[in-house]
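This report describes selected local features of one protein model. Please have the sequence and the coordinates at hand while reading.

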Amino acid sequence: DSLSDHCLLITDHFSQRETALYALLKTQADYKCRVRLTSDSLPHIATNYYGTKRKTQHAALAQYYLGCAYSDMHRDLDAIDALLRATTLFPDTTNKYYAYSLFELGRLYMNHQMNDEAIATFNRYRLSEACKSDSVNIGYADYYTGIASLYKGDNFRADSLFQIVIHNTKIPISSRYNTYFQLAKLYFYEWHKAEESLDYINRYINYFGENEAATIIKGDILSAVHQPELAYNYYNKTLQQSTDIYAICTAYKGLAKVTSQINKTDSVPSYIDQYAVLLDSIYGINRQKEI
């Protein structure tokens, strides 16, 4: 049965109130069980019934889960609208779902380079009741505020927050090691401190392995510290592992540089051509994003 048929079926058997509650709880259960939400039909039943005129827990939760559904469906602007409505409908701002709404909003803002809005929202989340007594939530607030600060160019604040995160023993160890990756980017690309950044990226690799996120950064660092043969190997690992156009483009740029240092100059024209083609594609993608 299609989802629309399912919705009609439950409407036939229950009152509007019961149907709305079922739709809300079913959406909530799926989301908590990490079942990807692929339709807004069920959460819309709840939002249509509970409305936005009165501040109630059910009205707020309906908007929150509608926002979660839109986020799963990659309809980010609709998700932002729904989550913003949710924050206005909670009768009690100490409610944990009020804080969760702020957290999800912050991540959506950050994904769209709205860094000022992201930082302001994460700051509100950091001051919420959910963070006052929970070091894990505090750690996530600090981590994402640090990333948004890094994207904004506020490097000293980003570094300060990341240092707090890596010393927060309550958050999952994977989050702490992800922070080493952010620190490697900051120290190398912004502050040009190759030795410190190499230490950070090695810590990240020791935990996660040589994935595509790490190989390109390590290649750039090794090139900077005059280890062209090792850099050459890492750039090639990036080409083998990555499907990300930005990483592949950077790898070809790096290969064009280091191959001339290790007597493999025959490959340089090919690497430069590949770099130029990918760079044109990136400019096209960026123009499309701006539009």
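## Basis

The model is predicted, and local features need pLDDT of at least 70, side-chain atom pairs count only at pLDDT 80 or more, and totals for chains, interfaces and linings use all residues. Residues are numbered from 1 along each chain as its sequence is written, and side-chain values use heavy atoms, with hydrogens and water left out.

## Packing of α2 and α3

Helix α2 spans residues 16–32 and helix α3 residues 41–50; they pack at an angle of about 135°, and their axes are 8 Å apart. α2 is therefore oblique to α3. Helices (H or I, at least four residues) and strands (E, at least two) are DSSP runs, numbered from the N terminus. Axes are lines fitted to C-alpha atoms, for helices over the stretch in contact, and angles run from 0 to 180 degrees between N-to-C directions. Angles under 35 degrees count as roughly parallel, over 145 as roughly antiparallel, 65 to 115 as roughly perpendicular and the rest as oblique.

The crossing of α2 and α3 is left-handed, that is, the near helix is turned anticlockwise from the far one by less than a right angle. On the α2 side, the contact involves Gln16, Arg17, Thr19, Ala20, Leu21, Ala23, Leu24, Lys26 and Thr27; on the α3 side, Leu42, Pro43, Ile45, Ala46, Tyr49 and Tyr50 take part. Contact means heavy atoms within 4.5 Å. The residues of this contact comprise 10 nonpolar, three polar and two charged. Ala, Val, Leu, Ile, Met, Phe, Trp, Tyr, Cys and Pro count as nonpolar, Asp, Glu, Lys and Arg as charged, and the others, Gly among them, as polar.

## Cysteines

There are zero disulfides in the structure, a disulfide being a pair of cysteine sulfur atoms within 2.5 Å. For Cys33, the closest cysteine sulfur is that of Cys68, at 14 Å, which is too far for a bond. Cys131 is in no disulfide either, and the nearest cysteine sulfur, in Cys68, is 17 Å away.

Cys33 is exposed at a relative accessible area of 58%, whereas Cys131 is buried at 1%. Buried means under 20% relative accessible area, exposed over 50%, and partly exposed in between (1.4 Å probe, protein chains only).

## Positive phi in loops

Gln113 is not a glycine, yet has a positive phi of about 55°. Gln113 sits in the loop between α6 (96–111) and α7 (115–126) and is exposed, with a relative accessible area of 59%.

Asn263, also a residue other than glycine, has a positive phi near 60°. The loop between α15 (245–258) and α16 (268–290) contains Asn263, which is exposed at a relative accessible area of 72%.
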